[in-house]
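Q: Could we go through this structure together? I would like to start with the sheet and then move on to the helices.

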Amino acid sequence: MRAPRSVPLLAILALLPCVRAAETGGGLPPTPSRAWVQALFDSWRAPVPPRHLGGNLYYVGASGVSAWLITTPAGHILLDTGFEDTVPIIVRGVEQLGFKVTDIRLILSSHAHIDHTGGHALMKRTTGAEVVASAADARVLESGGADDFLVWPKDTLLYAPVPVDRIIADGDTVTLGGTTLTAHLTPGHTRGATTWTMELADGGRSYQVVFFSSASINAGTRLLGNAAYPGIVADLEQTLATLKALPCDLYLAPHGGQFAMADKFARLDRGEGVAALVDPAGWRELIAGAERSFRDQLAREQALAQP
Ligand SMILES: [Zn+2]
């Protein structure tokens, strides 16, 4: 299989959207423009080849928005669907890997933003699968992105609404065909952001896999005095504590740039197997970086709030 497109720029964009927007008073990133959002989203839409990662886990996403296929004898689980217009990449990928799209039984998500759940409605129609989400993200999914606290231009956030079939709470599990995923509610990036974990069996070994929800603060979002999301600071504090406590051998994330996808997939292509993905130090660095960004923005907002 050919190597994925190199995405160093995407890596930077995925992790640091605020850096791309010109900073304003107090170093706080402003609300991005419609053109900026569209350029960011468009940079993530290119196709990449699907991949077997290890055990029953596969990548079927686009260049900059992930989608994970977990196969079982009783049907398959799909985690994230990308944008509506990148759903064909997932469908093609599943088929190229030798599976049937109509065998997808469950659709999960990392968090209810258009770049990860914009394809949910189309994928549900295509497969008849059940949509599983946290209560807070279910409200966003069922409103098609309207019930979102982000201050980005509203039309950039909207997508086809999708009914949610099953609500999961913190610690709930989803089991299909002998594979179990556990939901860890990690709110802040969205109110219902969910980090999923599973055990991956490969080559006689077992690996703790973490599917990161994201924990960044989108440009324009304020931590203090945020009337649309008064609990955002407390939620992010709790989320960081939850994420730090998760056992993790290998982590995956909604955007390739968050888990060094280009490097890791290149190593997979060189035949290193699942070892190419094992990166507990990278996980700790990712969470440490998220915490630094959070504390830095909080300190800036507190300084601005001083009389
Ligand atoms: Zn997001």
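This is a predicted model: local features need pLDDT of at least 70, side-chain atom pairs count only at pLDDT 80 or more; totals for chains, interfaces and linings use all residues.

Q: In what order do the strands of the open sheet come?
A: The order is β8-β9-β10-β11-β12, five strands in an open sheet with mixed pairing.

Q: Which strands stand at the edges?
A: Those are β8, residues 173-176, and β12, residues 250-252. Each has a single partner strand, so one side of each is left without a neighbour in the sheet.

Q: And what is the average twist from one strand to the next?
A: The twist averages 25 degrees.

Q: Let us take the pairs in turn. How many bridges join β8 to β9?
A: Four bridges join them, and the two strands run antiparallel. Within this pair, Val 174 stands opposite Leu 181 of β9.

Q: What does the hairpin of β8 and β9 look like?
A: There are two residues between the strands, and Gly 177 takes a positive phi near 50 degrees.

Q: Next pair: do β9 and β10 run parallel or antiparallel?
A: They run antiparallel. Strand β9 covers residues 179-185 and β10 covers residues 194-202, with five bridges between them.

Q: Which residues of β10 face His 184 and Leu 185?
A: Thr 195 is the bridge partner of His 184, while Thr 194 stands opposite Leu 185.

Q: How many bridges are there between β10 and β11?
A: There are seven, in the antiparallel sense, and β11 is made up of residues 205-211. One of the paired positions is Ala 201, whose bridge partner in β11 is Ser 206. The two strands form a hairpin with two residues between them, and Gly 203 in the turn has a positive phi of about 55 degrees.

Q: In which sense do β11 and β12 pair, parallel or antiparallel?
A: They pair in the parallel sense, over three bridges. Here Val 209 has Leu 250 of β12 as its bridge partner.

Q: Changing topic to helix α8: how far apart are its end C-alpha atoms?
A: They are 20 Å apart. The helix has 14 residues, 232-245, which at 1.5 Å a residue should span 20 Å, so the two values agree.

Q: Which residues of α8 are buried?
A: They are Ile 232, Val 233, Leu 236, Thr 239, Leu 240, Thr 242 and Leu 243. As background, residues three or four places apart in an α-helix point the same way, because there are 3.6 residues a turn.

Q: How are α8 and α10 arranged?
A: They pack at an angle of about 160 degrees, with their axes 10 Å apart. An angle over 145 degrees counts as roughly antiparallel, and α8 and α10 are therefore roughly antiparallel to each other. The crossing of α8 past α10 is left-handed.

Q: Which residues meet there?
A: From α8, they include Val 233, Leu 236, Glu 237 and Lys 244. Among those they meet in α10 are Trp 283, Ile 287, Phe 294 and Arg 295.

Q: What is Thr 242 in contact with?
A: Leaving aside its neighbours within four places in sequence, Thr 242 is in contact with His 184 and Thr 186. Thr 242 itself lies in helix α8, and His 184 is the residue whose bridge partner in β10 is Thr 195.

Definitions and conventions:
Residues are numbered from 1 along each chain as its sequence is written. Side-chain values use heavy atoms; hydrogens and water are left out. Two strands pair if DSSP finds at least two bridges between them. Axes are lines fitted to C-alpha atoms, for helices over the stretch in contact, and angles run from 0 to 180 degrees between N-to-C directions. The expected span of a helix is 1.5 Å times one less than its number of residues. Buried means under 20% relative accessible area, exposed over 50%, partly exposed in between (1.4 Å probe, protein chains only). Angles under 35 degrees count as roughly parallel, over 145 as roughly antiparallel, 65 to 115 as roughly perpendicular and the rest as oblique. A crossing is left-handed if the near helix is turned anticlockwise from the far one by less than a right angle, and right-handed if clockwise. Contact means heavy atoms within 4.5 Å.
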